[in-house]
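Welcome, and please open your viewer. We will go from stop to stop, selecting one thing at a time.

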Amino acid sequence: MKPHLRYGVGCLAVMALWCVLTVPAGAQDKEYTIKVLPPGGPAPRLPDGHPDLTGHWFPNGAGQGVSGRFGVDPAALRTFDPKVTPEEKPELQPWAVAKIKAMTPTELELSKSSVNCLPRGVPAIWLQNPYTTLMVHKPGLLVQLYEVLNNWRVIHLDGRPLPKDPEPFFHGNSTAHYEGDTLVVESIGFDDRTYIMPNGWFHSDELRVTERYSRPSMNYLIVEITVDDPKVLVKPWKSAPHRWTLGNGEVYEFYCTNNKELQELEKLREQELKGK
Amino acid sequence: MQAASGAAFKAMEGSMKILKGLGTAAMACGVFLLAAPSFAHHSFDAEFDGQNCKEFTGTLTKLDWQSPHPYFYMDIKDANGKVQNWSFQTYAPITLRRNGTERQVFIENIGKQVWVRGCIARNGKSNYAAAGTMKFPDGVLRQVGQLQN
């Protein structure tokens, strides 16, 4: 065995022994330095009695940044546990599946908002966004300040009707109402450059998105999405309840203006085309 | 390039130093030493070869702190002793800030020797890689980007 391999095996043996001797059985879950944020007390309420959704929300279970950090409880990395609340797979129509399959890996990559620097839009902002959202909620108004690309959205809560001929917006045209303690936002009229998921799942001009927001406790925000798109989907798709957690700290500036990846990926696409 | 040769041994030495520094049983267990994966900003594999990752030691020469990805540059000696300037992509600035690798950390270490493990670009661009883990002279292991293996 080569010296460095012997050294490696020795290290592993020492580390394994240390683990056995120093970590009591059943106590491993206490060793994570970044854990799942507990629910906290009851959710605050607005003067009109509805839960106040105001807060700096993190797309994970920890209420703080988790990417690239050590000692994170795996349960704190996600917004839902697929074993507890599995998320159904969208059922796309055959022509839509064929369209996505025709994309090369690089074309698929270039379609992603994280690469092309276009706004994620609704509902992707809740489904494919690793950055935080600051929400400011008052009677009649919900303001969402998305850290990614410094996007923002204003949702009026006065029950105004949806437009008959909506202008296509990245965040759509929205109306909202309450169902008990749940705020239900319905939106139509989306820019056709947005994708539901960063896997090529595109949408048609008949896309209708329903967002259901609830705050069951101080530290938790639950967002559930329904995507209805009869031109693309066989049937409406409903997300798992995604749990965002309350954090603090700054909402940082993030303008995507210097993406060198675009140049690098375009070179790759040229190579792909030559290979065809 | 002072990469791969003897790199595994050096990395192991470095890891042990880190363990001493951290000094907790939790950190001693390899499972806890795995940094949390980044939420996929994009598909790493589309641009970088996760099966072609190497270790680099050289002098940090420059930082471009920008969105969506900062880039840092290093002078690295190749196998013939000739200095090559490499560029490395990192996580987004927000992600680096939130895991404790502030812009200032890079700036304070320009001109100093650093260690990086990174994966090579797929499109053939020379001397370009995605940084994964990194150590400045303080010896602290930092996750500055995604690694695939």
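What follows is a short tour of two chains, with something to select at each stop.

This is a predicted model, in which local features need pLDDT of at least 70 and side-chain atom pairs count only at pLDDT 80 or more, while totals for chains, interfaces and linings use all residues. Residues are numbered from 1 along each chain as its sequence is written, and chains are lettered from A and ligands numbered from 1 in the order in which they are written.

**Stop 1: chain A**

The mean is 89, and 89% of the residues reach 70 or more. Now pick residues 1-28 of chain A: here the pLDDT is below 50, and the stretch has 21 contacts in the model beyond near neighbours in sequence. (Two residues are in contact if their C-beta atoms, placed from the backbone, lie within 7 Å.) Where pLDDT is low, the predicted coordinates should not be read in detail.

Switch to cartoon view to find 6 helices and 10 strands in chain A. Helices (H or I, at least four residues) and strands (E, at least two) are DSSP runs, numbered from the N terminus.

**Stop 2: A96(A)**

Go to helix 2 of chain A, residues 94-101, and select A96(A). Why does A96(A) count as buried? Because it has 21 C-beta neighbours inside 10 Å; the cut-offs are 20 or more other C-beta atoms within 10 Å for buried, 12 or fewer for exposed, and partly exposed in between, with C-beta atoms placed from the backbone.

**Stop 3: strands of chain B**

Chain B has 6 helices and 6 strands, in the order α-α-α-α-β-β-β-α-α-β-β-β. Select strand 1 (residues 48-64) and strand 4 (residues 113-121) of chain B, which pair antiparallel over 8 bridges; strands pair if DSSP finds at least two bridges between them. One bridge here links T57(B) with W115(B).

L60(B) has M74(B) as its bridge partner, and a hairpin through 6 residues connects strands 1 and 2.

**Stop 4: the core**

Finally, select A62(A), M74(B), F88(B) and V116(B), the residues with the most contacts inside the largest nonpolar core, which has 70 residues. Such a core is a set of buried Ala, Val, Leu, Ile, Met, Phe, Trp, Tyr and Cys residues joined through C-beta atoms within 7 Å. Beyond its neighbours within four places in sequence, V116(B) contacts F56(B), M74(B), F88(B), A131(B) and M134(B).

Definitions and conventions. pLDDT = per-residue confidence, 0-100.
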